[in-house]
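User: Hi! Could you walk me through this one?

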Amino acid sequence: MKSYSRLIFYFLIFAVMPGVFLRALIWTPAAEFLGESSRILYFHVPVAWISVISFVTAGYHSIMILISEKERDEREYKAYNAAYIGIIFTILTVVTGSIWAKISWGSYWNWDPRETSIVILMLIYISYFSLYSALKDNVNRMGISSVYLIIAMITMPFFVFIIPRIYPSLHPDTIINADKKIHLEAAMKLTLFTSIGVFTIFYGYIYKLMNRISSLEFTQQEKRNDN
Amino acid sequence: MNSRILNNIKKDFLIEIRNRSAVNISFAFAGITTLSVSLAAGGAPFTPVVHAIIFWIILFFSAMSGLAHIFIREEEEKNSLFLSLYYSPEEIYLSKLIFNIILFLSISVIVTALYLFFLQVFPVYPLLFILTVISGCFAIASITTILGAIVSKAGSGSSLFTVISFPILLPVLWTAIRLTSVSIDGSGVQEYRNIVFLLAFSGVIISVSYLTFKFIWTEF
Amino acid sequence: MINIEADKIGKKFGKTSLFKDINFNLTKNDSFYITGPNGSGKSTLLQILAGIQNPTSGSVIYKSDNSIIEKEYYKNYFGFTGPQINPYDMLTSIENLKFTASESAGENRIIEYLEKFDLYRHRTKAVKYYSSGMKQRLRLIHALINNPEIVMLDEPCSNLDTKGRDILYGVLDTLKKDKIIIIATNESEDINLCSKGINLEQ
């Protein structure tokens with residue numbers, strides 16, 4: 001059963017994912033106003049999606065560390081690994097986003113609400129890692145950094161409320177309208193959603209690998225301690 | 001419970017008054033930053049938005065210089081174990097929170113008076129201006145109390161404090177800057193619900209801090 | 001009636017194991033010593049018993065009349081002192097004691113203890129100006145002020161002169177009758193005072 005599901009995993013990542021990339025770059029038509037550059041959409045949106053997902057995952061494990069006594073050590077590296085992937089994908093989001101912004105709006109940075117949100121997410125990740133490294137010798141390291149992540153998480157809804165009032169949006173209306181509906185051609189929509197799907201699976205794959213490495217390191221450490 | 005929190009606040013004030021330097025320095029920091037801005041400006045006219053931005057940046061850095069001290073002192077002078085043997089984490093958190101709110105409100109009074117006086121700013125909506133300063137400072141003090149506790153446990157001073165506070169203080173600063181700029185030039189509507197926003201935000205942070213403080217303060 | 005039970009307590013710091021599988025059960029009028037060479041974990045074990053640190057394995061159980069007490073309420077049952085416990089330097093001894101004494105303790109008991117430990121004439125001096133022996137006396141008063149059912153002392157005799165020791169042993173002799181006393185120490189006098197104990201030497 002286990003090897004069977006792993007096979008599906010590999011198939012999705014090593015066969016389907018390149019297929020989706022090809023489809024995104026060649027097959028799908030370019031967007032009407034944005035031109036060929038719109039193809040970056042199929043990378044930019046999934047990458048942004050993953051940076052949010054890893055934030056939620058890290059937050060989930062942080063809450064669980066404080067609530068339940070079970071599997072604290074496992075959750076410790078799970079939260080850390082999720083944040084680790086998160087910061088990389090956040091940086092990728094900023095990079096892809098600013099390339100696209102340069103092409104379509106004329107400058108790399110515009111302080112558009114969504115750009116601002118992703119920068120705040122990046123700041124929170126940076127603060128989290130600064131704190132984590134500063135807490136090196138503290139026995140409560142995980143508790144303290146979890147509390148920080150939780151506080152950062154509860155500020156998020158307030159950002160959603162406040163940012164659109166401060167910065168007018170430049171983000172293409174063709175993608176997400178004020179009524180929160182997606183207006184894309186069917187082919188583009190399909191590509192976008194499959195791309196988000198495979199990226200999410202890809203994320204799950206890296207995350208699982210990282211956790212496995214951490215768990216191996218952890219048990220090795222335990223063994224060394226027992227001797 | 002109430003008298004115990006009061007006891008704790010009284011103790012903190014007693015120590016700070018006898019030990020003057022720390023509180024003096026944070027007051028002096030706030031005053032000097034305000035003066036240096038007005039001296040550097042040299043009477044050059046600022047737009048209301050610039051006024052609001054500078055005003056809140058002064059308050060932000062005053063908070064960064066002073067509000068972690070109450071926890072850092074307990075750690076540096078190695079009193080934290082003594083304190084936690086007799087007081088519960090909740091009592092400690094609430095007393096430090098009240099101390100910080102009182103301290104920061106008095107710092108903000110000084111900064112506001114100096115700023116208005118030296119930069120010749122006369123808010124068109126004085127009531128909105130005062131309410132903004134009070135609720136903004138309340139929000140900053142409530143956020144920095146829990147973060148100050150975190151920093152004191154990390155043992156790495158005020159630069160880490162600024163790094164971890166900034167992203168969380170951003171919504172407060174944005175809202176406060178907008179409200180202040182409206183109250184100074186009188187343009188736009190007086191959005192009192194933004195003050196409710198600031199208070200609600202601090203309320204949420206305080207309740208989460210109250211619940212999670214014990215994970216920072218004691219080994220769990 | 002209060003009861004402390006240590007159930008297979010073990011503590012590790014990183015790669016080194018300090019102690020493991022420590023078991024004992026203490027009830028009223030037990031006096032217990034913890035001894036061992038430097039670095040063997042005496043203070044750590046005492047702090048684990050007080051709930052200040054967590055054991056890496058095993059658990060500490062407090063029972064009052066056979067009902068289990070939650071960890072956050074331990075501090076209502078014990079008085080703890082040790083070299084890591086520092087009263088506020090900027091406050092006087094009487095201010096420190098008022099800060100820690102429960103409402104039921106009252107001012108009379110503060111004065112009683114200050115007189116007993118011969119600190120009454122220094123009561124309005126800031127702790128900053130105390131000698132280390134005087135500080136140790138103040139620490140001991142702090143452990144006893146709320147009349148706890150369990151008294152935990154980490155090296156109670158450090159820095160004390162003969163007079164201070166005599167006072168301490170006098171107090172402990174009366175306390176022994178109806179309380180649990182736990183002492184982490186290397187002094188043979190302290191050990192002789194106790195009815196049972198443990199040596200962490202391995």
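Analyst: Happy to. One term before we start: a crossing is left-handed if the near helix is turned anticlockwise from the far one by less than a right angle, and right-handed if clockwise. Helices (H or I, at least four residues) and strands (E, at least two) are DSSP runs, numbered from the N terminus. The model is predicted, with local features needing pLDDT of at least 70 and side-chain atom pairs 80 or more, while totals for chains, interfaces and linings use all residues. Residues are numbered from 1 along each chain as its sequence is written, and chains are lettered from A and ligands numbered from 1 in the order written.

User: Thanks! Which hand does the crossing of α3(A) and α4(A) have, left or right?

Analyst: The crossing of α3(A) and α4(A) is left-handed.

User: And which residues of α3(A) and α4(A) meet?

Analyst: Among them are Ala83(A) and Gly86(A) from α3(A), and Leu121(A) and Tyr125(A) from α4(A); contact means C-beta atoms, placed from the backbone, within 7 Å.

User: Switching topic: how many residues does the contact take from chain A and chain B?

Analyst: Chain A gives 25 residues and chain B gives 24 residues. On the chain A side, α5(A) gives the most, with 13 residues.

User: Now chain C. What is the order of the strands in the open sheet?

Analyst: The order is β2-β1-β4-β5 in chain C, with antiparallel pairing; two strands pair if DSSP finds at least two bridges between them. The edge strands are β2 (16-27) and β5 (67-68) of chain C.

User: How many bridges join β1 to β2(C)?

Analyst: Eight bridges join them, and Glu5(C) has Asn25(C) as its bridge partner in β2(C).

Key. Contact = placed C-beta atoms within 7 Å.
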